[in-house]
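Dear colleague,

I am passing on the structure below, and my notes on it follow. Please read them with the coordinates open.

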Amino acid sequence: MLSLARRPLSAAVPAGNLLGIHLFQCPDTVGIVARLSECIASRGGNIHSVDVFVPDHKPIFYSRSEFTYNPMLWPRDVLHTDFLNLSQHFNAQRSTVRVPDLDPKYKISVLASKLDHCLFDLLYRWQEGRLPVDINCVISNHDRPKDNHVRRFLERHEIPYHYLPTTPGNKREQEILELVQGTDFVVLARYMQILSEGFLKAYSKDIINIHHGLLPSFKGGNPSRQAFNAGVKLIGATSHFVTPELDAGPIIEQMVERVSHRDTLQSFVVKSENLEKQCLAEAIKSYCELRVLPYELKKTVVF
């Protein structure tokens, strides 16, 4: 098994060349890396990194490769065909190739409720060009006045805001489904409504969620105060894929931070919210950089 620590996208791309990323999953067999290398080298490309994982208990090959190439020598449609042939040769369960500087950015919709910290952090990172996505719209079950900082930001950048109040008997899922059609995935930025199994099947694409790490010990209203009063010493956040089982989807990213008796309730909450923002942003970034693969039923490989 070859395993390398996660790192930034390759920075040293020769002039005139482009960076390509290939994510691969297939039955393990002899010669996969050799054929992958040959495919890239035969078109004048150069591999910058290869990360491979093969579980000890199951002969499944997972890999992520970064390579540079000259688009004049290896046109995008030919590149696609070459990797398609490679995936067919190895009977791959998954083979995805992206060229970030050529391919369209992932189109997403963001769902949020009353709390703004994760939503506004995503908007700010998007504005700074630190998230490789295009935001289709923001949907919320909580109304925000037009002079709210989120609403002003969205209006300034011409991102639609849809207020869809929910009730126990009407989660507005059909309307949400219509609004998110055409997106590549959906982000729940502290959206405090449970999406039904019917919605998940109808949308049929990935949904990424974030929640604090105080579950399951501190449920119900104001979990931060409960945890603070209980004197916990470690807090965290978890970002995961949404599945019909509540908060039990495959984990993409987790972060933790120590707290102590010196923390006030305010500093405790600030640390918790900062973890949630960072954790969600890192999960989205990893997903867009093709670092995430499903592994068994409830796990992920994150390169």
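In which sense do S10 and strand S11 (residues 251-258) pair, and over how many bridges? They pair in the antiparallel sense, over 7 bridges, where strands count as paired if DSSP finds at least two bridges between them, and where helices (H or I, at least four residues) and strands (E, at least two) are DSSP runs numbered from the N terminus.

Before going further, please note that this is a predicted model, in which local features need pLDDT of at least 70 and side-chain atom pairs count only at pLDDT 80 or more, while totals for chains, interfaces and linings use all residues. Residues are numbered from 1 along each chain as its sequence is written, and side-chain values use heavy atoms, with hydrogens and water left out.

To stay with the sheet, isoleucine 235 stands opposite glutamate 257 in S11. S10 also pairs with strand S9 (residues 207-212), again in the antiparallel sense, over 5 bridges, and here asparagine 209 has histidine 240 of S10 as its bridge partner. Strand S10 (residues 234-241) is largely enclosed by the rest of the structure, because 7 of its 8 residues are buried, that is, under 20% relative accessible area, with exposed meaning over 50% and partly exposed in between (1.4 Å probe, protein chains only).

Turning to the interior, a nonpolar core is taken as a set of buried Ala, Val, Leu, Ile, Met, Phe, Trp, Tyr and Cys residues joined through side-chain atoms within 4.5 Å. The largest such core has 48 residues, of which Val110, Val133, Ile135, Phe185, Leu280 and Ile284 touch the most other members. Helix H8 (residues 265-288) gives the most to this core, with 8 residues, and the core draws at least three residues from each of domain 1 (18-98) and domain 2 (106-302), the bounds coming from an automatic or database domain assignment. Apart from it lies another core, of 20 residues, including Cys26, Leu36, Cys39 and Val99.

Isoleucine 135 lies in strand S6 (residues 133-140) and is buried, at a relative accessible area of 12%. Not counting residues up to four places away in sequence, isoleucine 135 touches Ile108, Val110, Leu123, Trp126 and Ile159, contact meaning heavy atoms within 4.5 Å.

Lastly, aspartate 116, in the loop between strand S5 (106-112) and helix H3 (117-127), counts as buried at 17% relative accessibility. Leaving aside neighbours within four places in sequence, aspartate 116 is in contact with Arg144, Asn148, His149 and Val150.

With best wishes
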